[in-house]
Amino acid sequence: MGDAVSSDTYTPKQRTRYRQRLLNDLEVFDRILQTADFIDEGTIGLELELNLVDDQMQPSRTGEAVLAELSDEYQSEIGSFNVELNLPPHTIHGDGLSQLQNELSKRLDTVKKAANKADSSVAMIGTLPSLTTEFLSDPAWMTRENRYRALSNSVIEARGELVRIDIARDEHYDHEFDDIAPESACTSMQLHLQVAPNRFADAWNASQAIAGIQAAAGANSPLFAGHQLWHESRVPLFYQAIDTRTNELVNQGVRPRVWFGERWITSVFDLFEENVRYFSPLLPEDRSDSGTPILDGDNPALHYLNLQNGTIWRWNRPIYDPGTEQPHIRIENRLLPAGPTPVDIVADAAFYYGLVKYLSNQARPVWSRLPFSDAHDNFNAGARDGLNAEMVWPTLGHIPVTKLISEYLLDQAREGLEVLEVDGQLIDKYLGIIEGRMTNHQNGATWQIAALRQAGGDLTAPESEERREAIAKVLQRYLELQETGEPVHTWPTSMQ
């Protein structure tokens, strides 16, 4: 979805031609995997989606104005109240994690200065709690770019019905939308991990195995449209907002566009082949229309395959990048919410990179003993219940996620980071933050829930004026504490 597109609707002729070229790209990709020399440096990277709010803590449609003050390293997002920042690739060894945090803080400050000029503030949070159904029902929610209109039009056309959001836990939200507006509420952090093709399957399988654990530890999205829902409400919200299936297609077993997957893999090719086999093209954009070159340097750009991949939202997405000299493959770990602070984000990154390295190096890997269905159930449990979740794990059976992390996985993540030659003090610092969340039973989600209670919002009706006032107070306090840079497990829940 990063490429510009030329149209917001497509003809049957365009779709037919695109399908054939997509199949051709898949064959080319197969040959590249067998013959090309890929970069194998193990670099890491980060993308971060941000919300813009006004002085009343309401979403501010100032994305275009903010981006006008920034370089092209910053990008639009589908919501007119969102922007995205990207960090260049980093090495993780030595003080790489510290450099990642410093670079993130620097770029975040740059966005804040640009937002101030547009009379807005930056909120780094999984779902903006002050969003309302009314705001998302106004067509002005969307950024004015063809690619976003085309995406929304294609989803609605494929679905043939309104988009229904139906999420329940502590409270129940149920509403139908004319377009994919709720997708704009799902602001995430995306971790990149570059791996050699012959190591990709192990890294992806490890990422899938720990997805539920990541979701539980990093949950920061308990509030949507005035309702207290899943601890990481982004997961069902995103899943439903971009679902192209009617109930009949769901019952027939058609795969969703936001997809956890259904099996462990043996090659990165498995994932791209599934993309072509199972999913109709949403944006059948011709390469020449979008301005994409046939080659990037000496390597095929694979425009059609990459555009198709960009419209299938796996929680761990494979990325092929042709580069300018050598191509590379990376995992885009997309399941974590934005925030709460830069140090929290890098702590989540350290936990992820360390665990993936440890698990990928095991002679008897966890995915050989964990049914894929259990990994999927763990993911849903982690997103639904956060730090209250229970996981299924080999040799341990059913175990509270806090105990699994504290007594088992933190040590494994530490070993992985040591193999990656990360500075010992940084390992202590960042994994200590994850341990602090387990000990204090506080991450972004539990803090927001507790703060809402402190503000009196738990005694009010969802979407009532009283609930909205309480949520505004919670968000204001969240931004104050976010500005301190202190990790979320240390935040007081008092409103002052």
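# Salt bridges, ring pairs and surface charge

The side chains of Arg 468 and Glu 463 meet in a salt bridge, with 3.9 Å from N to O; the term denotes a side-chain nitrogen of Lys or Arg within 4 Å of a carboxyl oxygen of Asp or Glu. The model is predicted, so local features need pLDDT of at least 70 and side-chain atom pairs count only at pLDDT 80 or more, whereas totals for chains, interfaces and linings use all residues. Residues are numbered from 1 along each chain as its sequence is written, and side-chain values use heavy atoms, with hydrogens and water left out.

## Salt bridges

Arg 468 counts as partly exposed at 27% relative accessibility, and Glu 463 is likewise partly exposed, with a relative accessible area of 27%. Here buried means under 20% relative accessible area, exposed means over 50%, and partly exposed covers the range in between (1.4 Å probe, protein chains only). Elsewhere, salt bridges that share partners join Arg 169, Asp 170, Arg 384 and Asp 385 into one network. In total, the structure holds 31 salt bridges.

| Arg 61 | Asp 138 | 3.6 Å |

Arg 61 lies in the loop between β1 (44-53) and α2 (63-68), and Asp 138 lies in the loop between α4 (133-137) and α5 (146-159), so the pair ties together parts that are 77 residues apart in sequence. Helices (H or I, at least four residues) and strands (E, at least two) are DSSP runs, numbered from the N terminus. Arg 61 is partly exposed, with a relative accessible area of 40%. Asp 138 is also partly exposed, at 33%.

The pair Arg 199 and Asp 202 has another setting: both residues lie in helix α6 (residues 197-209), three residues apart, which is about one turn of the helix. Arg 199 has a relative accessible area of 33% and is therefore partly exposed. Asp 202 is partly exposed as well, with a value of 23%.

## Aromatic pairs

The structure holds 18 aromatic pairs. Rings of Phe, Tyr and Trp (its six-membered ring) pair if their centres lie within 6.5 Å; planes under 30 degrees apart count as stacked, over 60 as edge-to-face and the rest as tilted. The rings of Trp 259 and Tyr 278 have their centres 6.1 Å apart and their planes at 85°, so this pair is edge-to-face. Because Trp 259 lies in strand β10 (residues 258-259) and Tyr 278 in helix α10 (residues 268-278), the contact ties together parts that are 19 residues apart in sequence. Trp 259 counts as buried at 5% relative accessibility, whereas Tyr 278 is partly exposed, with a relative accessible area of 25%.

Phe 260 and Phe 379, by their geometry, form a stacked pair: the distance is 5.3 Å centre to centre, with 25° between the planes. This pair links distant parts of the chain, as Phe 260 is in the loop between β10 and α10 and Phe 379 is in helix α14 (residues 372-385), 119 residues apart. Both Phe 260 and Phe 379 are buried.

Ring pairs also link Phe 260 and Phe 379 with Phe 238, Trp 264, Trp 313, Trp 315 and Phe 372 into a cluster. Within this group, Phe 372 has its place in helix α14 and is buried, with a relative accessible area of 10%. From Phe 372 to Gly 386, the separation is 14 residues in sequence and 20 Å in space, C-alpha to C-alpha.

Asp 411, Glu 415, Glu 418 and Glu 435 form a negative surface patch. Patches are made of residues with over 30% relative accessible area and no salt bridge, with like charges joined within 9 Å and nonpolar side chains (Val, Leu, Ile, Met, Phe, Trp, Tyr) within 5 Å. Helix α15 (residues 401-419) gives the most to the negative patch, with three residues. Glu 418 lies in helix α15 and is partly exposed, with a relative accessible area of 47%.

Asn 102 lies in helix α3 (residues 96-117) and is partly exposed, with a relative accessible area of 49%. Asn 102 and Val 346 are 244 residues apart in sequence, and their C-alpha atoms are 10.0 Å apart in space.

Key:
Accessible areas come from the Shrake-Rupley method with a 1.4 Å probe; for residues, only the protein chains shown count as cover. Lys and Arg count as positive and Asp and Glu as negative; His and the chain ends are not counted. The place of a charge is taken as NZ of Lys, CZ of Arg, CG of Asp or CD of Glu.
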